[in-house]
Amino acid sequence: MKIKNDRFPPSLFLVYLGVLLLMSGIHTGLIVGMNTMGWNDVIQSIVPILYWSAVAVGLTIFTRRTIKRTYEEPMHRLAEATKKVAGGDFSVYVPPLHTSDKLDYLDIMLIDFNKMVEELGSIETLKTDFFSNVSHEIKTPLAIIQNNAELMCREGVNEEARREYAKTIYNTTKRLSELISNILKLNKLERQTIVPEAEQYDLCEQLAECAANYEPVWEQKNIEFEADMEDSVQITADPALMELVWNNLLSNAVKFTQEGGTITLCEKSDENSIRVSVADSGCGMDEETKKHIFEKFYQGDTSHATAGNGLGLALAMRVLQLNNFDIEVESAPGKGSRFTVVVRKE
Ligand SMILES: Nc1ncnc2c1ncn2[C@@H]1O[C@H](COP(=O)(O)OP(=O)(O)OP(=O)(O)O)[C@@H](O)[C@H]1O
Ligand SMILES: [Mg+2]
C-alpha cells in the first residue's frame, strides 16, 4: 500500500493563487478609482497599505486554521491519549484520520500507537494474572503445612499420627520447592533469547535415559511402555533444556493415563528433521483444553486436583521456541494424546 509521506495540503496553492489574483484585481481597481476621483497622494498610498494589511490578516487566519486542522488537532488528541496511557489507562484508542486506502504517515503513527497500547495492556493483564496464579499456587500448600504443623503441636497426638503429619509437611514442601524452581526456570528462559549451552549429542541415548527414569512409575500403575527408536541420532541443542521437554511429556503421559494403559515413545528421522512423539492411551483432551495447554498455570482439570501446577508444557514450549523446534498435539477425549516434537536438522 502506498503511504503518503506529506501532510501539506496542495490545495493551499490554488487557494492562494485565486485569492492573490482576485486581490490584485481589486488593488488595480482601487488605484484607478482613486486616480479618477483625484484623491491626494497621501491617501492614495495609505489605502493600498491598509488594503494589503487586511489581505495579509485574512491569509494568516486561513493558514493558521489549516495548520491547526492538519497538524495540531491530531497531535493534541495523541498527547491526550499518551497522558491517559501514562496514567495506566490502556483502553484508549485514537482513530486514524483517513480511511485505509488513503493513509499517511500520521495515520500509521496512530495505528502503531494503538497497537503499542493494546500490547502494553495485554502484558499488564498477563503480569497481574501471573501474580494471582503464583499467590494461589503458593497459598494452598502453605495452608496444608500450617494445618499439619498445628495438628502436630496438639497435646496427646500419638507417634503414628505425628509421623503422618510430618510426612504431609515434607511432601508439601517438596511440591512447593518444585513449583518455585519451575517458576525460576521459566523466568530465566523467558528472558533468554539464545541457547547458550548448545552442543551436539545423541538424542536417542537421552530419550532412553529419560524413559528409564519413569520405569518405576509406570510399573506401579501397570502401564505398558513401548519404545520405537533408531540406534543413534545427533542433535545440536542444550541437553539439560531438552531433558525438561522429554520429562514433561513423559510425566504428563504417565499422569493422564489410567492403570493398565499404554505409552509409546517413538523417534524417527529423515534428512531434514527428527520427529519424537510421546503417545498415550489416557484420558485425552477436548478442543478447548488443547487451546490452552501451553499457557502458564493452565490445567485441564480446573479443580487442580491432579498433581502439578500447569507449568510443565509452558516450560517445554519456551525451550522449543528458543531452539526453533516445533510441537504438534493430537488428542481427543477418551482416545489418548500424542505430542510430537519436530527437531529441525541444520
Ligand atoms: N498426555 C496428556 N493427556 C491428557 N491431558 C494432558 C496431557 N498432557 C497435558 N495435558 C493437559 O494439559 C494441561 C497442562 O499440562 P502441563 O504439563 O503444563 O501441566 P501439569 O502436568 O498439569 O502440571 P506440571 O507440568 O506443572 O506438573 C494438563 O493439566 C492437562 O489438562
Ligand atoms: Mg506436566
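# Briefing: ligand shell, core and selected residues

The shell around ligand 1 holds nine nonpolar, 13 polar and two charged residues. In these classes, Ala, Val, Leu, Ile, Met, Phe, Trp, Tyr, Cys and Pro are nonpolar, Asp, Glu, Lys and Arg are charged, and the others, Gly among them, are polar. This is a predicted model: local features need pLDDT of at least 70, side-chain atom pairs count only at pLDDT 80 or more, and totals for chains, interfaces and linings use all residues. Residues are numbered from 1 along each chain as its sequence is written, while chains are lettered from A and ligands numbered from 1 in the order in which they are written.

**Ligand 1**

- Of the 24 residues around ligand 1, those that come nearest are Phe 256, Gly 300, Gly 308, Gly 312 and Leu 313. A residue is near a molecule if its C-beta atom, placed from the backbone, lies within 6 Å of it.
- Helix 7 and helix 9 are the elements that give two or more residues to this shell. Helices (H or I, at least four residues) and strands (E, at least two) are DSSP runs, numbered from the N terminus.

**Helix 7 against helix 9**

- The axes of helix 7 and helix 9 come within 9 Å and cross at roughly 145 degrees. Axes are lines fitted to C-alpha atoms, for helices over the stretch in contact, and angles run from 0 to 180 degrees between N-to-C directions.
- Helix 7 contributes Leu 241, Met 242, Leu 244, Val 245, Asn 248, Leu 249, Ser 251 and Asn 252 to the contact. Helix 9 contributes Gly 312, Leu 313, Leu 315, Ala 316, Val 319 and Leu 320.
- By class, this contact has 10 nonpolar, four polar and no charged residues.

**Nonpolar core**

- Which residues have the most contacts inside the largest nonpolar core? They are Val 245 and Leu 249, in a core of 32 residues.
- A nonpolar core is a set of buried Ala, Val, Leu, Ile, Met, Phe, Trp, Tyr and Cys residues joined through C-beta atoms within 7 Å.
- At least two residues of this core come from each of helix 5 (203-213), strand 3 (234-237), helix 7 (239-255), strand 4 (262-269), strand 5 (273-280), helix 9 (312-323) and strand 7 (336-344).
- Helix 7 supplies the largest share, eight residues.
- Not counting residues up to four places away in sequence, Val 245 touches Ala 316, Val 319, Leu 320 and Val 341. Contact requires C-beta atoms, placed from the backbone, within 7 Å.

**Positive phi**

- Most residues other than glycine have a negative phi.
- Asn 222 is not a glycine, yet has a positive phi of about 60 degrees. Asn 222 lies in the loop between helix 6 (215-220) and strand 2 (224-228). Asn 222 counts as exposed because 10 C-beta neighbours lie inside 10 Å.
- The cut-offs are 20 or more other C-beta atoms within 10 Å for buried, 12 or fewer for exposed, and in between for partly exposed, with C-beta atoms placed from the backbone.
- Phe 297, also not a glycine, has a positive phi of about 70 degrees. Phe 297 sits in the loop between helix 8 (287-292) and helix 9. With 18 other C-beta atoms within 10 Å, Phe 297 is partly exposed.

- Glu 226 is in strand 2. Its C-alpha lies 4.7 Å from that of Thr 264, 38 residues apart in sequence. Beyond neighbours within four places in sequence, Glu 226 is in contact with Thr 262 and Thr 264. Glu 226 is exposed, with 10 other C-beta atoms within 10 Å.
- Lys 139 belongs to helix 3 (residues 105-153). Lys 139 is exposed because it has 10 other C-beta atoms within 10 Å.

Definitions and conventions
Contact = placed C-beta atoms within 7 Å.
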